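Hi there,

Here is the model I promised to pass on to you. Have a look at it first, and then read my notes below.

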Amino acid sequence: MAAPTDPMHQFQIQKIVELPTVNVFGQAIDLSITNSVAAMLLAAFLIITFYTLAAKRAVVPGRLQTVGEMLYGLVDGLAESIIGHDGKKYLPFIFTIFAFVLFCNLQGMLFGWSGTFAGFTATSQLAVTLTLGLLVILTVVAVGVVKNGFKFFKLFAPSGVPWPLYFLLVPIEILSFLIRPVTLALRLFGNMLGGHVVLKIFAGFVIALGSIGLVGLLGSVVALLSVTALTALEFMVAFLQAFVFAVLTCVYLNDVVHLDSH
Amino acid sequence: MATEHHGTVETTEAPHGQESSGGLPQLQFQHWGGQIVWLLLIFAVLYAVLSKVLLPKVSGAIEERGAKIAGDIADARRLKDEAEVQARAAAAEVAEARAKAQKTAADAKAKASAEAAERQAKEEAVLAEKLSAAEARIQVARDEAMGHVRAVASETAGAIVEKLTGKAASAAELKASLA
């Protein structure tokens with residue numbers, strides 16, 4: 001194993017199963033199963049297992065079913081309140097995004113002790129968050145074009161504005177639209193990266209300070225308490241970022257679903 | 001051994017077995033392709049399983065529960081309404097029965113008092129009859145007695161006249177003098 005005190009080491013991609021590299025459009029794509037890929041596979045596996053166990057049709061739900069229905073109800077309420085009645089159609093997509101991000105985030109918090117891929121936070125990988133962001137925005141574009149046809153481009157030209165303003169407004173709208181996947185990706189990536197690094201650094205302090213005498217021991221205790229508090233905070237952030245991702249997905253979908261009222 | 005480019009944490013040796021290009025491990029672009037392809041694959045499978053199999057089950061359970069609760073509440077409301085109607089009917093019946101009972105009692109009272117009055121009248125009539133009969137008897141007896149008084153007076157007068165005059169007065173004279 002590599003040095004565990006390097007706070008960046010936890011983000012290092014490592015191959016678990018070697019698979020061949022393929023060339024697509026001149027791009028070499030290494031299909032090996034890495035710790036990041038394995039963590040994502042685990043997340044998907046856990047979501048499916050969880051919902052297979054939780055999706056019982058009991059009128060009086062058990063604990064697992066209650067939690068499962070609560071998460072579903074949360075996203076359902078979100079889609080309903082932001083998109084309205086049409087939200088039901090996009091609920092599976094929003095829910096998949098939410099559940100995937102949530103499980104990826106939480107795995108890093110829950111299984112970190114294992115020292116294996118299970119504790120790897122796939123959502124701290126820019127490649128992953130950027131793909132998710134692009135997935136969301138491309139879905140938004142697809143939904144917008146399918147639903148509104150050519151009128152989709154009205155999104156960039158809000159009505160009720162004096163026409164000279166369009167010279168200013170349209171470029172801004174286009175820019176703000178193009179920047180959406182980037183902000184989606186960077187927000188999630190930054191939160192996961194920052195939180196994990198801070199945790200690791202403070203945890204490093206616990207050991208480093210503890211080994212340099214009495215005053216150091218005091219600092220070590222402070223650092224330990226900080227790590228404890230930060231861990232609780234990180235759990236909240238893990239949930240909150242998944243929630244924010246889902247909320248923004250709803251908001252962006254709503255823009256194109258209700259283009260007329262834009 | 002790739003310890004060169006780790007910014008502030010250079011002192012810690014980090015023998016990343018891999019081709020660490022330095023800086024953020026997230027920016028080692030040779031790992032991007034694999035992650036993106038795998039993510040799309042995993043996401044597609046997850047989306048398919050959730051949207052086609054699992055989420056319909058969850059929403060079905062929630063809807064069933066909602067329908068069951070709504071149905072049960074509707075049932076309860078219906079039963080309550082029914083019970084209310086029945087209670088109202090029962091109250092009406094009780095009121096009717098009470099009115100009937102009061103009427104019956106009043107009727108019986110009236111009948112009883114009428115009968116009593118009739119009986120009293122009959123009794124009174126009998127008594128009155130008896131009284132008048134008795135009065136008649138008394139009248140007769142008095143008349144008789146009065147008649148006797150006349151005869152006695154006539155006799156006495158005849159005797160007195162005879163004693164005084166020495167001769168008996170005729171019956172006609174006596175009668176005329178006593179009238």
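In which helix of chain A is the place of A:Ile201? A:Ile201 sits in helix H5 of chain A. Helices here are DSSP runs of H or I with at least four residues, strands are runs of E with at least two, and both are numbered from the N terminus.

Before going on, a word on how to read this: the model is predicted, local features need pLDDT of at least 70, side-chain atom pairs count only at pLDDT 80 or more, and totals for chains, interfaces and linings use all residues. Residues are numbered from 1 along each chain as its sequence is written, while chains are lettered from A and ligands numbered from 1 in the order in which they are written.

Back to A:Ile201. This residue is partly exposed because it has 18 other C-beta atoms within 10 Å. The scale is this: buried takes 20 or more other C-beta atoms within 10 Å of a residue's own, exposed takes 12 or fewer, partly exposed lies in between, and C-beta atoms are placed from the backbone. A:Ile201 and A:Asp6 are 195 residues apart along the chain, yet their C-alpha atoms are separated by 8.3 Å.

**The two chains**

Chain A has six helices and four strands, in the order β-β-β-β-α-α-α-α-α-α along the sequence. Its C-alpha atoms fill a box of roughly 70 × 55 × 45 Å along the principal axes. Of its 262 residues, 37% are buried. Among the contacts in chain A with a separation of 6 or more, 61% join residues 24 or more positions apart; a contact means C-beta atoms, placed from the backbone, within 7 Å.

Chain B has two helices and zero strands, and 10% of its 179 residues count as buried. B:Ala90 counts as exposed because it has 10 C-beta neighbours inside 10 Å.

Where the chains meet, 45 residues of chain A and 43 residues of chain B take part. The chain B side comprises 24 nonpolar, 14 polar and five charged residues. In this count Ala, Val, Leu, Ile, Met, Phe, Trp, Tyr, Cys and Pro are nonpolar, Asp, Glu, Lys and Arg are charged, and the others, Gly among them, are polar.

**A hairpin**

Strands S2 (residues 21–24) and S3 (residues 27–30) of chain A pair in the antiparallel sense over four bridges; pairing requires at least two DSSP bridges between the strands. A:Asn23 stands opposite A:Ala28, and A:Val24 has A:Gln27 as its bridge partner. Two residues lie between the strands of this hairpin, and A:Phe25 in the turn has a positive phi of about 50°.

**The core and its helices**

The largest nonpolar core has 66 residues, and A:Ala43, A:Val75, A:Ile94, A:Ile97, A:Phe98 and A:Val101 touch the most other members. Such a core is a set of buried Ala, Val, Leu, Ile, Met, Phe, Trp, Tyr and Cys residues joined through C-beta atoms within 7 Å. H3(A) gives this core its largest share, 12 residues.

H3(A) is mostly covered, with 18 of its 24 residues buried. A kink of about 30° is centred on A:Phe93, the bend being the angle between axes fitted to the seven residues ending there and the seven starting there. At 1.5 Å a residue H3(A) should span 34 Å, and its end C-alpha atoms are 32 Å apart, which agrees; the expected span is 1.5 Å times one less than the number of residues. Leaving aside neighbours within four places in sequence, A:Phe98 is in contact with A:Val75, A:Ala242, A:Phe245 and A:Ala246.

A:Val75 is one of the buried residues of H2(A), which also include A:Leu71, A:Tyr72 and A:Leu78. The buried residues of H2(A) pack against H1, H3 and H6 of chain A together with H1 of chain B. Just after H2(A), A:Gly84 takes a positive phi of about 95°.

Happy browsing!

Terms used
Contact = placed C-beta atoms within 7 Å.
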